[in-house]
Amino acid sequence: MRRHRSLPLLALSAAVFLSAGPCFASEALRAELDAVRQDLEALRVERALAALEAIAARADLSDEDRVQVLGLRAQAHVVSGKLDLAEADFRDILRLDPDYAPDPRVFPPKALARHTRARDAVTGTLRLRTSPEDASVVVDERERNPSPGGTVRLAAGEHRLRVSRKGYDAAEVPLRIVPGEETVLEVRLDPNSRPVIVRTELEGVEVRLDGNLAGLTARSEAAAADRAAAAELTIEDVPLGEHVLTLARTCYRTETVRALVAADLASHSPLVLDVVRQVPSSARLLLSGLPAGATVLLDGKPVETPASEPIPFCPGDHEVEVRAEGRSVYWRKVGLEEDESVELAVEPGPMVVLVGTDDWPRQIRALADSGMILRAWLPRPEGADLRTLEGWQAVALPADTDLAFALLDPDQGDLAPTAWLYSPLLKTVEKIPAAGKEHARPSWLACAPGMRVADSRVGGPARVVEVLPGGPAAAAGIRPGDRVLSVAETRADTSAHLGAALTAGRPGQAVEVEVEGAAGVRKVRIPCSASPVLLPPPGAPGAAAVRAAWASVDAAASPHAAEAALANLALALESAGRYEAAAETWR
């Protein structure tokens with residue numbers, strides 16, 4: 001009869017035995033327990049129990065795996081009617097997992113009653129209240145989460161309780177749990193920090209706590225429409241003691257606030273600081289030498305201030321760019337302090353990009369002194385051969401780049417890295433051994449004195465043989481037959497020497513010339529008339545690219561020399577085989 005009464009229970013249990021089991025530490029253990037379930041399904045209960053006894057005797061089982069094995073053995077004992085042995089299994093399980101509760105769908109009421117008796121014999125209840133309530137609770141190095149009522153079931157005996165929370169000193173408490181009884185405990189943590197609420201009149205104020213960025217102030221959604229409401233930033237868990245808060249916002253004076261953070265033992269409420277009001281601040285920048293009609297951009301945005309007036313800046317680091325005729329002709333980073341006034345002379349120059357180096361290579365360092373502007377430096381694209389035009393296509397050069405230099409590994413026969421020059425204007429790539437005189441800034445205009453001189457064995461060197469009527473020399477009183485003795489206090493030994501000295505003068509200025517004529521020796525000043533110059537083709541590697549870069553800049557930034565600069569640019573384009581671009585430049 002006993003066997004017949006257990007059949008319904010066995011049938012119910014077998015269904016559970018055959019359900020998907022939990023994840024165990026090893027596949028081998030899973031396979032063994034699957035075999036046990038098959039034995040129980042076939043009513044081979046004694047065989048299943050023998051296998052479970054052997055598994056439970058192992059010393060290498062984890063607590064989680066052992067709980068699963070003992071729970072399966074308890075089910076088998078209940079099926080075979082051995083409730084005392086099932087109760088013993090429950091005791092062993094509860095010592096490992098005091099929260100263990102058998103499934104009432106599997107265990108009959110009598111078995112559940114045995115579990116209750118075992119639970120009361122080997123476990124007790126801890127009713128724990130913590131302040132703050134969200135503190136972390138660890139019992140015997142195992143994290144335990146109290147129930148909503150604050151209770152934790154623990155195995156009977158001695159325990160070590162640790163309560164902790166960020167911003168508080170942790171507390172460790174010895175604990176003794178009595179079987180079947182409830183132990184009430186209250187743990188109150190002492191704060192070692194406190195939230196601090198920083199309030200500012202403006203939004204977006206950067207707040208630093210003791211030099212470390214804490215965040216930006218902002219208005220809450222509820223206060224977003226109220227411009228009079230303060231913007232706030234809550235800094236959690238600020239250690240007790242004195243701290244320095246730095247509040248900074250672009251175009252406003254940086255403010256420093258000292259805050260003494262003391263413990264609030266009653267409620268741990270935040271420390272709310274007074275509203276900080278910042279004073280607007282500015283700096284001024286005056287740009288001199290701006291090209292006619294040029295546009296000034298500050299950090300990429302056009303400046304509306306007239307060129308003759310200082311530009312109001314917010315203190316800090318800025319990028320100043322000058323554009324003329326649709327291109328950039330000047331660029332510089334400038335840092336301005338609060339209430340500082342700085343005058344910056346605008347000297348247009350070609351925009352240069354360095355690739356693979358952040359400093360001018362030795363071979364071309366002289367170009368840095370000629371007025372070229374380092375706009376950016378870029379890393380070398382991996383796998384790109386910057387000795388070829390195809391390789392430069394992989395380099396994302398900024399707009400208006402006039403020249404790009406790359407410092408590459410030494411070529412065969414070279415002892416040092418080599419400098420290569422790419423010209424976006426000419427579409428040429430050249431190796432630059434060194435930048436010499438041919439790479440200097442070219443002059444598109446020369447001084448035209450309006451006279452012709454020649455050397456004569458009879459009349460001597462530097463004799464005036466022709467004077468242009470109405471020209472500068474004629475206006476200065478020089479006549480054919482006069483002999484030029486010196487130019488700008490430099491002796492003129494030959495007509496070639498004289499011509500070089502005269503054309504070296506700056507257009508628009510007068511040159512002092514000493515001449516000897518019928519009336520004797522006299523000094524006159526010849527106004528220097530500007531005359532366009534078509535320069536001869538350069539021979540040094542890279543010199544044509546440098547000349548084309550300067551021609552492009554001067555065509556945009558120097559209206560008085562624009563035509564001559566464009567003519568020389570057109571010649572450079574022709575020499576590089578860019579005939580369509582040259583024709584457009586001539587037009």
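Me: Why is aspartate 34 called partly exposed?

Reply: In this predicted model, aspartate 34 has a relative accessible area of 35%, and the term buried is kept for values under 20%, exposed for values over 50% and partly exposed for those in between, with a 1.4 Å probe and protein chains only, so aspartate 34 counts as partly exposed. Residues are numbered from 1 along each chain as its sequence is written, and side-chain values use heavy atoms, with hydrogens and water left out. Because the model is predicted, local features need pLDDT of at least 70 and side-chain atom pairs count only at pLDDT 80 or more, while totals for chains, interfaces and linings use all residues.

Me: What makes the contact of aspartate 34 with arginine 37 a salt bridge?

Reply: The closest N and O atoms of aspartate 34 and arginine 37 are 3.1 Å apart, and a salt bridge is a side-chain nitrogen of Lys or Arg within 4 Å of a carboxyl oxygen of Asp or Glu, so the pair forms a salt bridge. Both residues lie in helix α2, 3 residues apart, about one turn of the helix. Helices here are DSSP runs of H or I with at least four residues, and strands are runs of E with at least two, numbered from the N terminus.

Me: Is arginine 37 buried or exposed, and how do you know that?

Reply: Arginine 37 has 9% relative accessibility and therefore counts as buried.

Me: Why are helices α2 and α4 called roughly parallel?

Reply: The axes of α2 (residues 27–41) and α4 (residues 63–79) come within 12 Å and cross at roughly 10°, where axes are lines fitted to C-alpha atoms, for helices over the stretch in contact, and angles run from 0 to 180 degrees between N-to-C directions. Angles under 35 degrees count as roughly parallel, over 145 as roughly antiparallel, 65 to 115 as roughly perpendicular and the rest as oblique, and α2 and α4 are therefore roughly parallel to each other.

Me: Which residues of α2 and α4 meet?

Reply: Leu29, Leu33, Val36 and Leu40 in α2 meet Asp65, Val69, Leu72 and Ala76 in α4, contact being heavy atoms within 4.5 Å.

Me: What makes glutamate 321 buried?

Reply: Glutamate 321 has a relative accessible area of 11% and so is buried, whereas its salt-bridge partner arginine 323, at 25% relative accessibility, counts as partly exposed. The closest N and O atoms of this pair are 3.1 Å apart.
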